[in-house]
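Please keep the sequence and the model in view while reading.

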Amino acid sequence: MKRRNFVTTGMVALAGLALILVGQGCQKENKQITLGFSQIGAESEWRTANTKSIEESAKAAGIDLKLSDAQQKQENQIKAIRSFIAQKVDVIAFSPVVETGWEPVLREAKEAKIPVILTDRAVDTKDDSLWVSFMGSDFVEEGRRAANWLVEKTKDQKDPVNIVELQGTVGSAPAIDRKKGFEEVIKDKPQFKIIRSQTGDFTRAKGKEVMEAFLKAEGKNINVLYAHNDDMAIGAIQAIEEAGLRPGKDILIISIDAVKGAFEAMMAGKLNVTVECSPLLGPQLMTAVKDLMAGKQLPKRIVTEEGVFPMETAAQEFPKRKY
Ligand code: GYE
């Protein structure tokens, strides 16, 4: 073959290949994306707002969302993920109820070549390649912010500060990290003592029940309640009132999330401060899903930005709150 002919043939072949590739690209873009999302449950106001955010943003992004509620049980989440794999969804996202025990199912997803995005809570796995990205809050920092508020609030006080702690779900990332961040700040300040600490599973009912037990055991010894979420604090407020004490006054109350219920409690003078943890992860999840499908690489960690709201700011902030 003459050199010229050879070159021309080569160019035609290349152009053909390019057309095929472009065609495939378009096909991919036009195809509706299916996202399987395994939600933890409906344990708190936070979770309800999170589910709503995911549903609304999937709809707005034109993504077909298959949402499954695990009722706070890891085995249900594993079942849901397996069913997403069987259905061959394009992307799987989930908020892991606890940190450990995910390797086998995540490996199954990887073998099926379905990318997994973690939202809200992290997993504890040795192999980081089992998930593509984790988006959510820095829970350790939230714990630090809660403790920093307390240290500042009680800085002129010489007496010991006795704290009771209502922990979130045992083994969950927010329970582990919020405890860690809080303890980190008070550990070299001997006047602060956590005298009781127990799980309230992130629910109002459990928060109330455990606070009743704390009050029975410690009575007026309790100066501060640190609750890992607003719902448990709201449950505990009821228990404190029923015990004839004034929440927010006799016992300082610190919690996390900044849901509307917490602002209402602050405006009523019963909750002293809430540290923000935003559940509005839907829009950034949908962007991530689309980016993934377009072949883009996602950052391994996407951190949510958040603030702290003391009681004094509640009335002014309340109308602006979206969850
Ligand atoms: O703080 C709590 C919810 O994982 C950040 O879960 C979330 C936590 C949130 O039940 O209210």
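Strand 6 and strand 7 (residues 192-199) run parallel and are joined by seven bridges, where strands are DSSP runs of E with at least two residues, helices are runs of H or I with at least four residues, and both are numbered from the N terminus. Two strands count as paired if DSSP finds at least two bridges between them. Within this pair, Asn162 stands opposite Lys193 in strand 7. Strand 6 (residues 161-167) is mostly covered, with seven of its seven residues buried; buried means under 20% relative accessible area, exposed over 50% and partly exposed in between, with a 1.4 Å probe and protein chains only. Val161, Ile163, Glu165 and Gln167 point one way from strand 6, whereas Asn162, Val164 and Leu166 point the other way.

The model is predicted, so local features need pLDDT of at least 70 and side-chain atom pairs count only at pLDDT 80 or more, while totals for chains, interfaces and linings use all residues. Residues are numbered from 1 along each chain as its sequence is written, and side-chain values use heavy atoms, with hydrogens and water left out.

An open sheet is formed by six strands in the order 2-1-3-4-5-11, with parallel pairing. Its edge strands, strand 2 (64-69) and strand 11 (301-303), each pair on one side only. Strand 5 (residues 133-136) pairs with strand 11 in the parallel sense over three bridges, and Met135 stands opposite Ile302 in strand 11.

The table gives helix directions, as angles from 0 to 180 degrees between N-to-C directions, with axes fitted as lines to C-alpha atoms, for helices over the stretch in contact.

| Helix | Partner | Angle |
|---|---|---|
| Helix 3 | Strand 1 | about 170 degrees |
| Helix 2 | Helix 10 (residues 282-293) | about 45 degrees |

The axes of helix 2 and helix 10 are 8 Å apart. The two helices are therefore oblique to each other, because angles under 35 degrees count as roughly parallel, over 145 as roughly antiparallel, 65 to 115 as roughly perpendicular and the rest as oblique. Contact means heavy atoms within 4.5 Å, and the residues of helix 2 that meet helix 10 include Ser53, Ile54 and Ala61.

In helix 4 (residues 103-111), the buried residues are Val105, Leu106 and Ala109. Seen down the axis of helix 4, they fall within an arc of 100 degrees, so they line one face of the helix; the arc is that of the directions from the helix axis to the C-beta atoms. Among the elements that cover these residues are helix 3 (74-86), strand 3 (91-94) and strand 4 (116-119).
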